[in-house]
Amino acid sequence: MTGQDWTGRILELDVGPVAHGGHCVSRAEGRVVFVRHALPGELVRAEVTEDKGGSFCRADAVEVLRAAPERVDPPCPLAVPGQCGGCDWQHATPGFQRELKGRVVAEQLQRLAGLEWPVEVEALPGDVLGWRSRVRLVAGPDGRAGLRAHRSHRVVPLEKCPITVPGALDRALSRRWRPGTEIEVTSDGDGQVHARELATVRGKRRARQLAGGVAVQHAAGRDWRLQAHGFWQVHPAAAETFASVVREWARASPGALAWDLYSGVGLFASVLAGQVGVTGHVVAVESGHRAVRDGEQNLADLPQVSWRAGRTEQVLRSLSGQPEVVVLDPPRSGAGRDVVRAVAAAGPERVVYVACDPAALARDVATFADSGYRLERLRAFDAFPMTHHVECVALLVR
C-alpha cells in the first residue's frame, strides 16, 4: 500500500534482519518498515516516525512484547525513541552489537559485490563506553548544548554522554550558548581538551577557538601534532590498530614506490615510508590544505614522503610510475568508480583499503573486481561502539 501517510500509527511487528543504518527490517501490509530500538527476532509495538508515502516507512519500537535474549537496558537514558540520535545499539549486548555489524558488512558484500564473505567484527582495546574523543554539539533554542534527534534538526540537551571520553564535555555542557551555535570538542592523546565554536553571524560562518587548538596524538611509533578539529580517528585505539594492519598487509619493499591516498596528516604514509626506506618514495595525496601542512611538519624527517594537495581523482591524473602498493582511506562515500579505476590502471600489486562505510566498500570492491583485483583479506573493527558504524580494512590483490 502506497500513497498513505502512516506517521503516528502504532504497528505490531515481528522484527526481521538487521539492515545497514542502525535499524532492522520488518513488514506490515506489504510495506517495509525500518524499525529502530528493536533487535532481530523480537515482537514489538512500533510508532511510525517518518512516512513519505513510498514502499517503506520508518518507525521506533516503543514497546517490546517479546524481547531478544541479547537485549539490555541502555546505559544512557537518552538512547530511547524520540531522544538522542547519536547511538543505535545501546539496547544490545556489546557482543551482539558486533555480531549485527558483521551481518551488515557481509550482507553489503554479498548484495553489492557478489561475495559470500563471513565477517567477524573485532573489539578494539578499551571499554564500549568512554571512547568517543571527538564530538560536535549544537545549542538548542534554550542555549543548552546537545545532540540532534535521529533524522531531525531538533536538539536534545545533554547532561553527559556516556560514550564520550570522561570529562571532555564538562565545560561545553555547563554553560549556555547562542542558539544554533555548534561546538566542536576534541580530547587528544595527552588528555587535553580542545574546543571551538562555529557560529553564523550576519550570514557568515565564523570559527573561534575556545581552548587548545593543536592536538597531540600518538600512533605508529610517532608523536603527532595537528589541528585539533581536523581528521583523526575518533576511537583512541583506532589509529594504532589500523596502522598495524596496514603495516602487515602493505609489505612495501625497500626502494619501492607507494601511494597513500586520502592521506590526512600522513599516518599510513609514515608506515609506508618506514617500509620503502630512504631509497623509496611515498606519495601522499590529501585535499585538506591544513592537513597537508600538518603532515609535512610531522613527517619532515622522512624525505621519501612527498605531498600532493588536491582532490584524489584529480591528482591521480598527474601521478606517474607504477606503485607497488596503494593505501586508501576515503571518506564515507567511498573512493568511487573513477578513483578505483585509476588506481587499478596504475597496476599496484596490492591495495589496502580502509573503509568507514560497508556499502561504499562493497561498491568499490566490485569495481576493483571489474578492474582485475580480488578481495583477499578483510578485517572489521568495532571502532564506534553503541553506534551502527563499523570500520573495515580490506586487502585487494591483482
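Strand β7 and strand β21 (residues 374-382) run parallel and are joined by three bridges, where strands are DSSP runs of E with at least two residues, helices are runs of H or I with at least four residues, both numbered from the N terminus, and two strands pair if DSSP finds at least two bridges between them. Within this pair, valine 121 stands opposite alanine 380 of β21. The model is a predicted one, in which local features need pLDDT of at least 70 and side-chain atom pairs count only at pLDDT 80 or more, while totals for chains, interfaces and linings use all residues. Residues are numbered from 1 along each chain as its sequence is written, and side-chain values use heavy atoms, with hydrogens and water left out.

The two strands belong to an open sheet of eight strands with mixed pairing, in the order β7-β21-β22-β20-β19-β16-β17-β18. Its edge strands, each pairing on one side only, are β7 (121-123) and β18 (305-309), and the twist from one strand to the next averages 20°.

Helix α1 (residues 94-113) lies across β7, β21 and β22 (391-397), at about 145° to β7, with angles running from 0 to 180 degrees between N-to-C directions and axes fitted to C-alpha atoms, for helices over the stretch in contact. Helix α5 (residues 289-298) also packs on the sheet, touching β17 (281-286) and β18, and its direction makes about 170° with that of β18; contact means heavy atoms within 4.5 Å.

Turning to a pair of helices, the axes of α3 (residues 238-250) and α4 (residues 267-276) come within 10 Å and cross at roughly 35°. Residues of α3 including Phe242, Val246 and Arg247 meet residues of α4, among them Phe268, Leu272 and Gln275.
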